[in-house]
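My notes follow the order in which I checked them.

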Amino acid sequence: MPLSQEQFSQLAKDLPGMGSDPHSVRARVEAMEKVLERSFHIPGTRIPFGLDTVVGLVPVLGDVVTAAMGAYIVWEARNLGMSKWQLMRMAANVGLDTAIGAVPLVGDVFDFVWRSNSKNLRIIKKHLDKHHPGTRTIEG
């Protein structure tokens, strides 16, 4: 039995982290950034890396997939009502990551060093801390 739009909206609202409120958006974006940039550590070191680096090793398809995931973070920022300047900066971060990441070997090293999703998360957090202070979390 298919759900009506109203039923779906109510279901999404009841699930934790699935709403369109700033707190839910912050939780989703932080989770996506962690998966893309800080999921794993190089053994014996404290240097983090994530799926952006691993999936980026697959020629062409990996770069397209990670670009789409980065674009999702920009889309969430757009839904927060962030300024066009902030959105352009975020899109440029993803675009640069994708363009240079497409170059064999050099792009893989660049993906490891240039953490566009972490940069975009900082932009979103700065916006949320200023315009939606109730979403702040204490990081320890």
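**Entry 1: ground rules.** I am working with a predicted model, in which local features need pLDDT of at least 70 and side-chain atom pairs count only at pLDDT 80 or more, while totals for chains, interfaces and linings use all residues. Residues are numbered from 1 along each chain as its sequence is written, and side-chain values use heavy atoms, with hydrogens and water left out.

**Entry 2: overall fold.** I counted seven helices and two strands. Helices here are DSSP runs of H or I with at least four residues, strands are runs of E with at least two, and both are numbered from the N terminus. From the N terminus the order of elements is α-α-β-β-α-α-α-α-α. The C-alpha trace spans about 50 × 40 × 35 Å along its principal axes. Of the 140 residues, 36% count as buried; buried means under 20% relative accessible area, exposed over 50%, and partly exposed in between, with a 1.4 Å probe and protein chains only. I also looked up contacts (heavy atoms within 4.5 Å). Among those with a separation of 6 or more, 55% join residues 24 or more positions apart.

**Entry 3: α4 against α5.** I took helix α4 (residues 61-79) and helix α5 (residues 84-101), which pack at an angle of about 175° with axes 10 Å apart. α4 is therefore roughly antiparallel to α5. Axes are lines fitted to C-alpha atoms, for helices over the stretch in contact, and angles run from 0 to 180 degrees between N-to-C directions. Angles under 35 degrees count as roughly parallel, over 145 as roughly antiparallel, 65 to 115 as roughly perpendicular and the rest as oblique. On the α4 side the contact is made by D63, A67, G70, A71, I73, V74, A77 and R78. α5 contributes L87, M90, A91, V94, T98 and G101. By class I get nine nonpolar, three polar and two charged residues. In this scheme Ala, Val, Leu, Ile, Met, Phe, Trp, Tyr, Cys and Pro are nonpolar, Asp, Glu, Lys and Arg are charged, and the others, Gly among them, are polar.

**Entry 4: α5 against α6.** The axes of α5 and helix α6 (residues 106-113) come within 8 Å and cross at roughly 150°, which means that α5 is roughly antiparallel to α6. L96, D97, I100 and G101 of α5 meet G107, F110 and D111 of α6. I sorted these into three nonpolar, two polar and two charged residues.

**Entry 5: the core.** Which residues touch the most other members of the largest nonpolar core? In this core of 16 residues they are V29, I73, A77, L80, M82, M90 and I124. A nonpolar core is a set of buried Ala, Val, Leu, Ile, Met, Phe, Trp, Tyr and Cys residues joined through side-chain atoms within 4.5 Å. α2 (22-37), α4, α5 and α7 (116-131) each give two or more residues to it. I then listed the contacts of M90 beyond four places in sequence: I73, V74, A77, M82, N120, I123 and I124.

**Entry 6: the annotated span.** The unreviewed UniProt entry places a "transmembrane region" at residues 54-75. In the model this span is 77% helix and 0% strand, with its end C-alpha atoms 23 Å apart.

Entry 7: T53 is found in helix α3 (residues 51-55) and is buried, with a relative accessible area of 12%. Leaving aside neighbours within four places, T53 is in contact with L36, D111 and F112. V35, in α2, is partly exposed at 36%. S118 is in α7 and buried at 11% relative accessibility. Beyond four places in sequence, S118 is in contact with E33 and E37. The C-alpha atoms of S118 and N93 are separated by 9.8 Å.

**Entry 8: positive phi.** Most residues other than glycine have a negative phi. I noted V60, with phi near 60°, in the loop between α3 and α4 and exposed at 62%. I also noted L105, with phi of about 65°, in the loop between α5 and α6 and exposed at 67%.

Technical notes. UniProt positions are given in the numbering used here, feature names are shortened, and annotations may be inferred rather than shown by experiment.
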